[in-house]
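Please look over the sequence and the model below before reading on.

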Amino acid sequence: MKINELKSTLTSNKKNKRRGRGSGSGLGKTSGRGVKGQKSRSGVSINGFEGGQMPIYRRLPKRGFNNYFKKKIQSISFKMINNIVKKHNIDSTEIKEDELFNKKIFKRSKGNLKLLNIGQLDKTTNIEISYASKKAIEALEKLGGKIKLTKK
């Protein structure tokens with residue numbers, strides 16, 4: 001069987017109804033829109049209109065609040081830093097936030113990083129990060145490391 005010998009099914013080759021092409025076409029004059037009224041005119045979109053019934057967006061209760069200005073912040077702990085250094089072969093003496101984003105360990109779209117005081121570091125490290133908690137800064141400096149905050 002060749003491609004030119006294939007027979008088409010009736011539904012696959014159905015032509016669109018051409019509206020407004022004379023009364024012989026079956027959709028002439030008003031083109032299937034009926035007579036008069038808002039819906040017969042062009043440029044009408046009645047989105048969400050339910051025929052005088054209370055629309056669904058007004059029937060359902062509104063809940064909560066979405067703050068569009070909130071800062072997206074991901075948390076990172078000392079325990080996670082230890083795991084990242086072991087798993088991804090990162091230089092443990094200096095860790096930068098951009099390096100973590102570039103190696104795709106964290107997604108930049110989910111927000112900046114904040115260092116939290118959870119777990120303990122194995123080695124002294126210098127960290128460059130957007131945010132850090134006070135306890136995390138104290139713990140890092142007690143080990144002999146330094147922290148540089150890029151945002152405040």
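Lys29 is found in the segment before α1, where helices (H or I, at least four residues) and strands (E, at least two) are DSSP runs, numbered from the N terminus. The model is a predicted one, in which local features need pLDDT of at least 70 and side-chain atom pairs count only at pLDDT 80 or more, while totals for chains, interfaces and linings use all residues. Residues are numbered from 1 along each chain as its sequence is written, and side-chain values use heavy atoms, with hydrogens and water left out.

**Backbone angles**

Although Lys29 is not a glycine, it has a positive phi of about 50°. Most residues other than glycine have a negative phi. Lys29 is exposed, with a relative accessible area of 83%; here buried means under 20% relative accessible area, exposed over 50%, and partly exposed in between, with a 1.4 Å probe and protein chains only. Asn89, found in the loop between α2 (78–88) and β2, is another residue other than glycine with a positive phi, near 50°. Asn89 counts as exposed because its relative accessibility is 67%.

Together with Met1 and Leu6, Ile3 forms a nonpolar patch on the surface, with about 440 Å² of accessible area for the three together. Patches are made of residues with over 30% relative accessible area and no salt bridge, like charges being joined within 9 Å and nonpolar side chains (Val, Leu, Ile, Met, Phe, Trp, Tyr) within 5 Å. The accessible areas come from the Shrake-Rupley method with a 1.4 Å probe, and for residues only the protein chains shown count as cover.

Ser45 lies in the segment before α1 (56–59) as well, and it is exposed, with a relative accessible area of 60%. Thr125, by contrast, is found in the loop between β3 (112–116) and β4 and is buried, with a relative accessible area of 4%. Thr125 and Lys62 are 63 residues apart in sequence and 48 Å apart in space, C-alpha to C-alpha.

**Salt bridges**

The structure holds 2 salt bridges, a salt bridge being a side-chain nitrogen of Lys or Arg within 4 Å of a carboxyl oxygen of Asp or Glu. They are set out here.

| Salt bridge | Distance between the closest N and O atoms |
|---|---|
| Arg59 and Glu50 | 3.1 Å |
| Asp98 and Arg108 | 3.7 Å |

Asp98 counts as partly exposed at 43% relative accessibility, and Arg108 counts as partly exposed at 49%. In the other pair, Arg59 is partly exposed, with a relative accessible area of 42%, and Glu50 is partly exposed, with a relative accessible area of 28%.

**Pocket and cavity**

Rolling a probe the size of a water molecule over the atoms shows where empty space is left. On a 1 Å grid over the protein atoms alone, a cavity is a set of points where a 1.4 Å probe fits but cannot get out, and a pocket is an open set with protein on both sides within 12 Å along at least five of seven lines; lining residues have an atom within 4 Å of a point. Grid points are joined across faces, edges and corners, and a volume is the space filled by probe spheres set on the points.

The largest pocket has a volume of about 170 Å³, and its lining includes Phe78, Asn117 and Lys135. Helix α4 (residues 134–143) gives the largest share of this lining, 5 residues.

There is 1 cavity of 30 Å³ or more, and about 30 Å³ of space lies in the largest cavity. The elements that give two or more residues to the lining of the largest cavity are β2 (94–96), α3 (97–102) and β4 (126–129), and the largest share, 3 residues, comes from β4.
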